[in-house]
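Please open the structure in a viewer and keep the sequence at hand.

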Amino acid sequence: MSMGLVDIEEILPAKIVDNSFFGDAFKENQNRMFKGCVERRHIGDKEQSVDYFASAAKKLLERNGLQAQDVDMILTNVSVPDHIFTGSGAILNKKIGGKAKWIFDLHNTGCVSFIYMMEVAKSFMLSHGVKRVLLCSGQTAGGRIFAKEENKNLPQSAIPGDGFAVALFEETESRKVLATVQEVFPENSEDMKANYAGKDHWEARSEVGNLEFPEEKVTQIIGRGNRLVPKMIYQALKEANLKVTELDYLITNQPNYLFLRNWREAVLLPQERHLNTFSKYSNLFGAGIPITLAEANKEGKFKEGDLICLAGFSHAGDYAAATLIRW
């Protein structure tokens, strides 16, 4: 059975935020992990990821001549979820009028969650007869955490932007997945933590939470990221019995320009073949790969037969993955 990405639709919040929003702290920031961004989008306090997902899913289904009832499975990943108990998937199923039997709201794998969701979908297609899956990636931490008055002067606050994408994944001979590799590194799983003024996130408090990036950990994370992403790309190529010189396009997560440059140089690709949307959306975490893929597809960059690699690492390096798609 061959499975592939039939189509993909992105949607961004309307609110554009430039660097001046973050004041002098951004201008004075010398941390190379948090430099290079120009503008980003922020989700509003009253906006919900499921509404963005529903809008994108309806466009996607209509464009492909499908009804919501044709979807068997919904997978979501939202960085700061709308609903901590019920999750986003069940509400999305309701909003689009769907009857999906299988719904999973994944809250791990961060920046490589799109690749991870493809593997979860593939597993259920092979083992449970699932035919058609919606993969929903959402990044909401920009507006919900880093835009808050208490946080916007932190060095890391200018980097995250918000955005959403929904992909249609099903059995097909076109745009099929050739190989996927992923690896987990438990030793790195506590190197990026949320900080709620010394409290747990469920405890009552007046302080706004944020994500901590200690300087000594940032240096380690940069080193890990530089190693892990090329490693996964080469492993995927080996599994597919392909050479790095056969790659047409690379799309990775987009933490900053430092990583983007190092990754494309490691796989010998010119800058124009390593697609990204960092200059206008900044770091979109798990939504970065599918949003860049969706925009490039709409712009007509890909031709039939192109070899596209999606790759990245998540959080402080607890997951890394790569997948190859024959467009």
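In this predicted model, begin by selecting threonine 140 together with Ile43, Ser49, Val78, Ser79, Val80, Asp162 and Phe164, with which threonine 140 is in contact, its neighbours within four places in sequence being left aside. Threonine 140 belongs to the loop that joins strand 6 (132-139) to helix 5 (141-146). Is this threonine buried or exposed? Threonine 140 has a relative accessible area of 0%, and because the limit for a buried residue is under 20%, it counts as buried.

Next, colour strand 4 (73-78), strand 5 (102-106), helix 5, strand 9 (193-195) and strand 10 (210-212), each of which contributes at least two residues to the lining. The lining of the largest pocket comprises 16 nonpolar, 19 polar and eight charged residues.

The crossing of helix 6 and helix 7 is right-handed. To display where they meet, show Ile221, Ile222, Gly225, Asn226, Val229, Pro230 and Tyr234 on helix 6, then Leu258, Phe259, Asn262, Trp263 and Ala266 on helix 7. Which classes of residue make up the contact of helix 6 with helix 7? Nine are nonpolar and three are polar, while no charged residues take part.

Conventions
Residues are numbered from 1 along each chain as its sequence is written. This is a predicted model: local features need pLDDT of at least 70, side-chain atom pairs count only at pLDDT 80 or more; totals for chains, interfaces and linings use all residues. Side-chain values use heavy atoms; hydrogens and water are left out. Helices (H or I, at least four residues) and strands (E, at least two) are DSSP runs, numbered from the N terminus. Buried means under 20% relative accessible area, exposed over 50%, partly exposed in between (1.4 Å probe, protein chains only). Contact means heavy atoms within 4.5 Å. Ala, Val, Leu, Ile, Met, Phe, Trp, Tyr, Cys and Pro count as nonpolar, Asp, Glu, Lys and Arg as charged, and the others, Gly among them, as polar. A crossing is left-handed if the near helix is turned anticlockwise from the far one by less than a right angle, and right-handed if clockwise.
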